[in-house]
Amino acid sequence: MNRLIKALLLLNLEILLLAPMCVPQKIDHGVKSADQYWKETGLGSKELEALLAPESCQISEQGFLACVNAIGQMAEKYRRVLDPSGNFRELNLQDIEDRSSEKKDLSRWASRFESLKEKIPFLELWRELDENLIQPDERATIIAIGINGFLSVFKDPHTYIMPLAMYEEVIANSENRNTNAGFVARRQKSELVVRKVLEGSSAAKAGVKKGDRIISLNGEKVSDLLPSQINEILKMRNSDRLALEVTRQSKKKYLEILKSENIYPSVSSRMVNELGLVTIHKFSKNVCEMTRQQIISLKEQAARGVLFDLRDNPGGQVEEAACVINLFVDKGTLMFETRYLDASRPSDPYVADKDPIYKGPLAVLINSGSASASEIVAGSLRDLNRAKLIGERSFGKGSFQDGRIWGPNPKIALFETEGLYYFPSGWTPQLVGLQPDVQVNFNSSDQVREDELFLNPLVPIDSWVGPQSLTWLTERECP
């Protein structure tokens with residue numbers, strides 16, 4: 001293991017940011033947008049209006065803030081912000097800064113609950129948006145944004161609704177079929193810092209490089225754009241070109257990305273200086289089998305060690321994560337367990353049921369974008385003394401969600417938080433994340449995690465022991 005760590009530190013870690021191979025395809029303008037998926041569900045405003053009714057918004061501070069968040073999320077799509085006077089106004093630069101996170105935005109309202117709870121006409125505000133700004137083709141999407149904004153505060157940040165067809169065709173799919181720009185970026189104040197460029201993507205062909213600092217998108221300053229607006233621009237739904245103004249090594253450059261469709265597999269591998277590098281972008285269906293095949297291929301190439309790259313991996317299916325862990329640990333090993341918020345339900349242990357396919361040196365790359373299922377894999381392998389972690393403290397999402405058909409609409413799935421997962425030694429990464437064994441700062445962009453992003457994240461209330469806890473988080477300065 002020490003030999004592997006030393007080898008990694010001798011490498012220039014920049015080369016490890018190489019992204020998976022992709023297969024360029026002809027543009028298919030029939031690819032559905034989120035608006036189309038939502039429109040097909042036929043979602044109406046009945047459920048939203050029930051949430052925004054006075055008996056919901058005025059009964060408690062949490063309900064009030066949930067209503068503020070619902071209205072705020074919907075209004076943001078039209079560059080409007082809710083004022084304490086109970087009216088909409090145009091967004092300004094300070095509003096954009098205040099709305100950089102749910103927690104920061106709603107903290108301004110929390111102290112005003114008693115004075116404002118009966119003065120904000122939430123239902124009237126919704127109807128004003130509906131009548132004056134919302135277009136028919138996007139109405140279902142906006143309603144869903146409002147419902148999910150409410151759930152994020154009233155329930156928890158990871159309880160949400162989604163079109164069932166969108167989940168089955170896109171989210172759970174083992175291949176990412178995208179028509180976006182082909183890079184991952186994180187906002188840092190007035191800029192976007194490029195974290196990863198997908199190999200063979202439109203961005204790579206246009207000359208976008210990791211570390212580029214994007215100043216403007218299509219002539220609009222990043223500092224003037226909300227996160228939701230940036231996401232929409234990068235999806236390139238309504239344009240075949242994306243103009244970027246970037247700074248690179250203090251020099252200004254102008255780049256143009258041409259829209260194309262690419263297929264990005266969820267798993268890829270390659271040899272890097274006798275080490276096998278395996279990149280997993282999300283834990284979707286069949287990821288474990290794809291990972292198994294990649295590991296076998298690396299063994300055939302005589303890899304002296306395996307390095308997992310789970311940076312900016314948002315997670316996915318817990319069963320796939322458990323299966324991936326089992327590739328490296330002995331049959332019968334307790335890998336992790338899930339504990340339910342409903343204390344009457346027994347915990348579910350995940351035990352390795354097969355023999356491992358690889359017993360050699362192993363390390364895992366993580367960063368602040370590694371969350372959920374990727375934290376399960378990284379944390380369990382480290383907890384079982386099977387791997388070392390390299391990089392930055394991870395996101396800190398230790399909760400899991402179960403999906404089911406949403407009662408009011410059979411074309412919509414409700415994903416509701418059911419509990420938290422715990423590593424074999426008895427601790428959960430919820431809120432604290434994983435602290436790496438070897439600290440490496442991959443970029444200088446802002447690192448926003450679970451505890452910093454949301455107003456009402458879940459806090460573990462049961463016995464919680466282990467190397468990291470909430471006390472650990474508050475007593476030391478985190479990277």
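At what angle do the axes of helix α2 and helix α10 cross, and within what distance do they come?

A: This is a predicted model, in which local features need pLDDT of at least 70 and side-chain atom pairs count only at pLDDT 80 or more, while totals for chains, interfaces and linings use all residues. Residues are numbered from 1 along each chain as its sequence is written, and side-chain values use heavy atoms, with hydrogens and water left out.

Two packed helices are described by the angle between their axes and the distance between the axes. Helix α2 covers residues 34-41 and helix α10 covers residues 139-154; their axes come within 7 Å and cross at roughly 90°. Helices here are DSSP runs of H or I with at least four residues, strands are runs of E with at least two, and both are numbered from the N terminus. An axis is a line fitted to C-alpha atoms, for helices over the stretch in contact, and angles run from 0 to 180 degrees between N-to-C directions. Because angles of 65 to 115 degrees count as roughly perpendicular, α2 and α10 are roughly perpendicular to each other.

On the α2 side, the contact (heavy atoms within 4.5 Å) is made by Ala34, Asp35, Trp38 and Lys39, and on the α10 side by Ala140, Thr141 and Ala144. These residues divide into four nonpolar, one polar and two charged.

Now the side-chain pairings. The whole structure holds 26 salt bridges, each a side-chain nitrogen of Lys or Arg within 4 Å of a carboxyl oxygen of Asp or Glu. One of them joins arginine 345 and glutamate 418, at 3.6 Å from N to O. This pair links distant parts of the chain, 73 residues apart: arginine 345 is in the loop between β16 (334-340) and β17 (348-351), and glutamate 418 is in strand β21 (residues 409-422). Arginine 345 is partly exposed, with a relative accessible area of 37%, whereas glutamate 418 is buried at 17%; buried means under 20% relative accessible area, exposed over 50%, and partly exposed in between, with a 1.4 Å probe and protein chains only. Both residues belong to a network of salt bridges that also links Lys155, Arg404 and Glu416.

Another salt bridge pairs aspartate 309 with arginine 311, their closest N and O atoms being 2.8 Å apart. Aspartate 309 is buried, with a relative accessible area of 2%, and arginine 311 is buried at 3%.

How values were computed
Angles under 35 degrees count as roughly parallel, over 145 as roughly antiparallel, 65 to 115 as roughly perpendicular and the rest as oblique. Ala, Val, Leu, Ile, Met, Phe, Trp, Tyr, Cys and Pro count as nonpolar, Asp, Glu, Lys and Arg as charged, and the others, Gly among them, as polar.
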